[in-house]
Amino acid sequence: MAPTIVTFLGYTSPVETNGAIVEPSPSAINYDPGGWNATFNNGLLDLNLGGWIGPAHNEQRIFLVAKVDCVLSNGVWTPDSVRSGAQFWLFPNNETSIHPNIDVRLGSLDFKSNGNHGLGVRGGKIVFQNVDHTWTTDPASPLVLVNPSIPIDFKLGVAQIDRGALELVACNIRGPVTKQVKCFSRSHVSRGTVDVPLGSPPTSLSIIFDAAGNKALPLHVDVLDRKKTSVDSGNPMVAALSITSYALRLNLRRSGADTIATAVSALATGASLPLTTHFLSNRQNAASLWSGPASLALGVRAGDTVRPASLFIISPTLALQPSSVTSVHGVASDAEFAFQGPATFLLDTASEPHHPKPKGFDPPIAREITYPYLRWPNLAGMSTKPVTLMHAGKSTVVGHAAGSAGAAIEPVGLSGSTLALPLLDRPRLVQTGTSGNAHIKFLDGLLASPSYDLVETTHDSGRIMSPPGGGSTMVLSTLFAADKPTYHPFNNLYSLGDRFTLDCRDSGTTHDFLVIPQDAQFIKCNLNELLGKDSPFKMTGTPASGILKLSRGITLKEICTRVGILPPFSTDDPINSPNWVGLIMFKIAATANDGKPLVKLFGTAAFNMPYLAVTAKDSVSAFDFTGSLEYKNATPLPMPTGEANFRISNVSAFWQNSTLQKLDVDGTLNVGKFLGLNLTPPQQITITGRYDSKTASVRFASRFDPIDLLPATVQGGPIKTLRINSVDLVFNNQGTTIVAGGLISVSGFTLGSFSIDAPGSPVDFTKLAFSFDGSSGILPIDIRIDYAAIQLNQDNISYDWGSFKIALTGIAMATGPDWWSSIPVLKIGSGGPAAGPSAAVTLSLSLMKLPALGGEIGGPAHTEDPGRDAACRRQLEHKFLGRDPGRRLQRSRA
C-alpha cells in the first residue's frame, strides 16, 4: 500500500500509520521540543505548531493552530479549506503578551479562497493574502496591488513586497468623488524587493517606482476653464511642466488599517532631472528644456469629474539651469525674454479652500492650486536686456538696433534688476478666477521696473515715434496682468507724415491706442487741401478729439467701446479691421471749397465731418484717408415772406481710399406766391443733387410729377394752368439759380369785340428762374421768381384771330401804374392796373402773309413785302388783374 503524502505550508511529508506527520528537516522554523504536532486522518489535517523564526538575535516566536480539510489530488493530499477557529500568532522576540503583535484569522490555504483572504503558500513561502494588519491598499488609492499577496520569509523573518507587486497610477488620485476624468495616464511599477520585518513591523516604508514607459510625466495639470463641466477641444487639459528620465519614490506610513503616502518624490535616473516648461518656447516654438536637481518633492491633487488628478512640484527655491541661452516667449503678449544663468523655481501657493482630499495621501502634501514661476534676481549687469518688447518699426538712428538706420524691426529692450516669469500663460491664469489674477499681479510686483530710453523710430504705419526735448524713458508697470504690457506714464511725440504731430502723455496703452485730448494733443494739424484741391469741401481748424491707433491687435470699434465713444463709422468699414493703424479724428469742421461751384450754394456755411481716418504712406506728404460729412435739417420750412424761399435739408458725403465716393445734396423750394396769387398751402419742390464721379461734379437735374403753380380757381384769363415737372440748379457769376421747366396751357379770351381762340394742347416751357440773392447757406433764404426769363415754345402756343396769329411770348409781374407806360407796346384800354397784384401777359400779333390775306378778303393777290409785314407786326399787351384764389381774373377793356 502506497504511503499517504500530505502537503502544506510549503512542506511535503509522509504520514505515519498512527496519523502523525514527521517533522521536516531542514525547516525555516526551529520548532520547540514538542512544538511540532501535526496529524492527518481521513482527510483532516490537524496542526498545532510552535517555534522560532528569523536570524540569530532577532528571532520571532510563531504559533499556528488550525484544522484543515484536504482533498486527494494526483496521489497527494492538498489543503482545501480551513475550518473556523484557526489562528496564527507572531510574537516579536520573547514577548508573551496575550495580545500578539500579528493575529491572523486564517481563511484558506494555497489560494483556494472562500472569500476570506488569509494565509497561503507561494514559492515555498508563507504568503499573506490582503488581510488586515498587512500592507494593503485602499481601493480608491493610486496604489494598485498587482499581485494581492505578500510572501513571508520565515528564515529571515520578513514579509517581502516583490518587484512589480505594486503599481502607481499617477492620474488615479481620487477624492470623495469616485467618478473622475482621466488624462495623462502614467503607470509605474515597484522596483526591487522590499523586506518588511515581521517581529516589529515598521511604521513606515519607502518604495521606489520605475516608469512603466518612456513618456514624460506631466506636472501641474489643469483644464483651461474650471467653470465648465466638460473636458473637450474647447476646454482642453494643459500641463505647465513635465519631467523625463525619472522614477517616483513613495514614503508610506501605516495608519490604522490604511496605508497612506506621506511624501512623493521624483528621482533622476541620471545625474539630474530633465524638466520641460511648455509655455516658454523659442522662436521655433520648441518648449524650453531645463536641467533640474537629482530629486524633486511632489504634491498631489485629487481629481474630480472635470479636473484631472495631478502631481505638483513643491520643492522650495529650486535651481534650474537652462539648456540653451536662446530667447523665449509665450507667457506675455508681444514679449521675448533673454536670460543667462540658472533660474530659481518658486511657488505661489495661493490655494482654493475646500479642495478634495486625495485618498491615501497625507494632507500636508495635498494641493489644489500651485502656481509655479521662475525668477532671476540681480540681472542689472547682464549684457542682454532680459525683457524685449517687439515694436513693428524701424530705427531711424544710425547704429541702433541692427546697426544701421531703417535696417531692422526695432525691439524695445527693457533692463531691470529682477525678472519673474509664470509657467502658465495669461489666458489659463485668468480662467482660474481670483487666485490666478492675484498670481499675475503678484508677478508684476516682483519686476524691478524694467525701463527703456526712447529713441526715434519709424513704424510700418507711417508714424514716427520720437522722444521730446530732454528725452523720455518708458518704465514697465504691468507685464502679465494686462492683455498688453503697460508702462508708467511717459512723454513722447508721434508724427504722421508732414501734417500731424502729437505730444503724447502715454499712460500705459502705447501698444494699443492714445486718446485725444486725454493722452495726446496736437502740436501740428494741417488739414489744408488734404481732401484734394478740387474737392467740393475743405476742412478747417483742429479737431478737438480723436484716437491714435497703434496696435494691430484691436479694432477701432473695440477702442471706442472701451473709452465710451459711439463709433461714427460702419463696423464693415475697412478702418475697423484690426490691421488698420493710424489717426482717426472726430467732429471736423468743413466748408465749401473756395472757387468751386458749391460755394455759390453753401457760401460760408459750416458743416460737420463725424470722422476722418488718416494713414500715412511711404512718402511724408502722401496719405490715405476715409471720412464722412453729414448735415441734416428735418425741421419744417417756414412760410416765405415773398414769393418763395429755399433751404438745404441734407448734405451727405463719404470718402474712401482718398477718393470722394458719394455726395448727396438735398434742398427744398417753397413757393408761396405765383403771378401775385397766394398758394395755400405753398407748393414744396424737392431739389436733389448727386455726385457724378465721371465729371467730378454734383448734378442737380431731376424730373418729377407735375406741380401746379396756379390755383385751380383761376378762370377767364389767357393762361389756364402752369405746371413744372423738372428743376436744375445753375451756378453762374451772379450766384445760384433754380431753373424749372414744365407745361403751360392757355384758354381762349375776348379781346374787345373779338373772340380769340386758344390752341387745344398744352406746350412746354423752360427756364422759369428762381434766383438767389447771394448764396443759400444752410438757413432759409427768400428768393424771387424771374418770370421774364421763361422761354415758351411760340410755335405751339399761338392764338387764332381770323387771319391773325397772336402768340404768347412772355409773362411778367406788373410793378405799378408806371410800368405800363414804360413798355413801347400797343395799349389796349386806358389807365394803369387796378389796385392789388397784377400780371402782364405779352402777346405778339402777326398778320398772315399779304397774298394770302388778300385772297381771304377777296382782293387781288400781291407780292410779299417784308418791310410792310414787319410794320404790321406789333406787340399786343393784355393785362389781367390777379386776385386771391377763388376770385375771377378780370381783363382790361379793349
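Both phenylalanine 607 and tyrosine 631 are buried, where buried means under 20% relative accessible area, exposed over 50% and partly exposed in between (1.4 Å probe, protein chains only). The model is predicted: local features need pLDDT of at least 70, side-chain atom pairs count only at pLDDT 80 or more, and totals for chains, interfaces and linings use all residues. Residues are numbered from 1 along each chain as its sequence is written, and side-chain values use heavy atoms, with hydrogens and water left out.

**Exercise A: the chain as a whole**

Task: State how many helices and strands the chain has, what share of it is buried, and what share of its contacts join residues at least 24 apart.

Solution. Start with secondary structure: the chain has 7 helices and 63 strands, taken as DSSP runs numbered from the N terminus (helices: H or I, at least four residues; strands: E, at least two). Next, burial: 49% of the 894 residues are buried. Then contacts, meaning heavy atoms within 4.5 Å: of those between residues at least 6 apart in sequence, 60% join residues at least 24 apart.

**Exercise B: aromatic pairs**

Task: Classify the ring pair of phenylalanine 537 and tryptophan 655, then that of phenylalanine 607 and tyrosine 631.

Solution. A pair of aromatic rings is described by the distance of the centres and the angle of the planes. Rings of Phe, Tyr and Trp (its six-membered ring) pair if their centres lie within 6.5 Å; planes under 30 degrees apart count as stacked, over 60 as edge-to-face and the rest as tilted. The whole structure holds 15 aromatic pairs. In one of them, phenylalanine 537 and tryptophan 655 lie 6.4 Å centre to centre with 80 degrees between the planes, an edge-to-face pair. This pair links distant parts of the chain, 118 residues apart: phenylalanine 537 is in strand S42 (residues 537-540) and tryptophan 655 in strand S47 (residues 644-656). Phenylalanine 537 and tryptophan 655 are both buried.

For phenylalanine 607 and tyrosine 631, the ring centres are 5.8 Å apart and the planes stand at 80 degrees, so this pair is edge-to-face. Phenylalanine 607 belongs to strand S45 (residues 607-616) and tyrosine 631 to strand S46 (residues 623-632), so the pair ties together parts 24 residues apart in sequence. Finally, ring pairs link Phe537, Phe602, Phe607, Tyr631 and Trp655 into a cluster.

**Exercise C: a buried charge**

Task: Find which side chain of opposite charge is nearest to aspartate 573 and which side chain makes a polar contact with aspartate 573.

Solution. Locate the residue: aspartate 573 sits in the loop between helix H3 (556-563) and strand S44 (582-592). Assign charges: Lys and Arg count as positive, Asp and Glu as negative, and His and the chain ends are not counted. A salt bridge needs a side-chain nitrogen of Lys or Arg within 4 Å of a carboxyl oxygen of Asp or Glu. Aspartate 573 is buried yet has no salt bridge; lysine 662, the nearest side chain of opposite charge, is 11 Å away. The side chains of aspartate 573 and tyrosine 611 do make a polar contact of 3.1 Å (N or O atoms within 3.5 Å; within protein, one must be able to donate a hydrogen and the other to accept it, and residues adjacent in sequence count only if both atoms are side-chain atoms). Leaving out residues up to four places away in sequence, aspartate 573 touches Tyr611, Thr626, Phe654 and Gln656.

Solution. Strand S18 (residues 217-223) is mostly covered, with 7 of its 7 residues buried. S18 runs antiparallel to strand S19 (residues 237-243), joined by 6 bridges; two strands pair if DSSP finds at least two bridges between them. Arginine 301 and aspartate 222 are both buried.

**Exercise E: a three-strand sheet**

Task: Give the strand order of the open sheet that contains S36 and name the strands at its edges.

Solution. The order of the 3 strands is S33-S36-S37, with antiparallel pairing. Strands S33 (451-453) and S37 (486-487) are at the edges with a single partner strand each, so one side of each has no neighbour in the sheet. Strand S36 (residues 473-478) and S37 are joined by 2 bridges. Leucine 476 stands opposite tyrosine 487 in S37.
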